[in-house]
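This briefing is meant to be read alongside the sequence and the three-dimensional structure. Please keep both in view while following the points below.

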Amino acid sequence: MFYHVDQLQYNAKPSRPDAVYAKKLQEILGGQFGEISVALQYMFQGWNFRGEEKYRDLLLATGTEEMAHVEMLATMIARLLDNAPIGDQEAAAKDPVIGAVLGGMNPQHVIVSGLGAMPADSVGNPWTAAYINASGNLLADFRLNLTSESQGRLQAVRLYEMTTDPGVKDMLSFLIARDTMHQNQWYAAICELEEKENIVVPSTFPRALEKQEVAYDYYDLSGGTASKAGRWASGPSMDGLGEFKYYHNPKPFGKIPKLRPAPPYVHNTMLPKDPHMPPHMM
């Protein structure tokens, strides 16, 4: 069961309107790594999980908090759009909203959302469910969650540097701190699962069914050899089950593929007959 509390989790009030910055702030609301994405990602991971209750609780608790961040950002964006000032490009405009549009504001903030936030990123791409992942494998999902929080915090920090508004900075400072916690919690959960399962996902697939002779080979296909100095090119593998081996310009295992011609009804380009091709492939 979900319910809404009228108070915001933290303050979301700018000191002045700024329609152009409202457009920028849309990125951490409706972008790939925005609050809508992480909220629904954690929710679906939790709703779909079939294991130990503490992990489900962790996911749903964090997803619910991220919904609170969606509300904070939506409120901040709406307030940044209040009484939007006239842009320099159209000093003669009498309507401050029209002037702000011409000066760099997202016009959809007027046309579509009526001076409100939208489920879209900073250049107007609509939010999509393709941004979220819920695989059922917690180690894979928690690693993705750590990446999402890392990218989200990076974007919030960049936005912090792009404003002088103390109210906006105050809210972003809170969100940045919560991203610090969330990166720490996902990493803690990852370490806990790695202790149980080792590091390769999925851990349940029989190793005998994979070609173990190539499982720890590093193939340097760049033309150079600088990567030979990396931890991944020699020494014990990170899962402790093998030894890294370095191969410069490795030889291919397979032969040149030969596909049989398409049937006439496909009307592909006609090719000359290959005298070396077996009759059954003609």
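This is a predicted model: local features need pLDDT of at least 70, side-chain atom pairs count only at pLDDT 80 or more; totals for chains, interfaces and linings use all residues.

Contact here means that heavy atoms lie within 4.5 Å of one another. By the contact criterion, and leaving aside neighbours within four places in sequence, Glu149 is in contact with Tyr42, Glu66, Asp179, His182, Gln183 and Trp186.

**Domains**

- The domain assignment of the protein gives two ranges, with domain 1 covering 19-196 and domain 2 covering 207-269.
- Taken over C-alpha atoms, the centres of domain 1 and domain 2 are separated by 38 Å.

**The annotated set Glu35, His69, Glu149 and His182**

- An unreviewed UniProt entry carries the annotation "binding site" for Glu35, His69, Glu149 and His182; although these residues are spread over 148 residues of sequence, they cluster in space, with a largest C-alpha distance of 13.0 Å.
- Of these residues, Glu35 and Glu149 are included in the lining of the largest cavity.
- Glu149 lies in helix H7, which comprises residues 138-161, and with a relative accessible area of 3% Glu149 counts as buried, because buried means under 20%.
- The side chain of Glu149 is joined to the side chain of Tyr42 by a polar contact of 2.7 Å, and Tyr42 is itself among the buried residues of helix H3.
- His69 is found in helix H4, which comprises residues 53-81, and His69 is buried, with a relative accessible area of 0%.

**Helix H3**

- H3 is mostly covered, since 10 of its 14 residues are buried, that is, under 20% relative accessible area.
- The buried residues in H3 are Glu35, Ile36, Ser37, Val38, Ala39, Gln41, Tyr42, Met43, Gln45 and Gly46, and what covers them includes helix H2 (27-30), H4, H7 and helix H8 (166-197).

**The annotated set Asp57, Ser222 and Gly224**

- The "binding site" annotation in the unreviewed UniProt entry also covers Asp57, Ser222 and Gly224; these residues, spread over 168 residues of sequence, are also spread in space, with up to 47.6 Å between C-alpha atoms.
- Asp57 is found in helix H4, whereas Ser222 is found in the loop between strand E1 (217-220) and strand E2 (235-236).
- Is Ser222 buried or exposed? With a relative accessibility of 62%, Ser222 counts as exposed, because the cut-off for that class is over 50%.
- The side chain of Ser222 makes a polar contact of 2.9 Å with the side chain of Asp220.

**Backbone features**

- Most residues other than glycine have a negative phi, and most peptide bonds are trans.
- The peptide bond from Val201 to Pro202 is cis, with omega near -15°, and Pro202 is found in the loop between H8 and E1.
- Leu115, a residue other than glycine, has a positive phi, near 70°; the place of Leu115 is in the loop between helix H6 (108-111) and H7, where Leu115 is partly exposed, with a relative accessible area of 29%.
- Asn249, likewise a residue other than glycine, has a positive phi, near 50°; Asn249 lies in the segment after strand E3 (243-248) and counts as partly exposed at 42% relative accessibility.

Technical notes
Residues are numbered from 1 along each chain as its sequence is written. Side-chain values use heavy atoms; hydrogens and water are left out. Helices (H or I, at least four residues) and strands (E, at least two) are DSSP runs, numbered from the N terminus. Buried means under 20% relative accessible area, exposed over 50%, partly exposed in between (1.4 Å probe, protein chains only). UniProt positions are given in the numbering used here, feature names are shortened, and annotations may be inferred rather than shown by experiment. On a 1 Å grid over the protein atoms alone, a cavity is a set of points where a 1.4 Å probe fits but cannot get out, and a pocket is an open set with protein on both sides within 12 Å along at least five of seven lines; lining residues have an atom within 4 Å of a point. A polar contact is a pair of N or O atoms within 3.5 Å; within protein, one must be able to donate a hydrogen and the other to accept it, and residues adjacent in sequence count only if both atoms are side-chain atoms. Domain bounds come from an automatic or database domain assignment.
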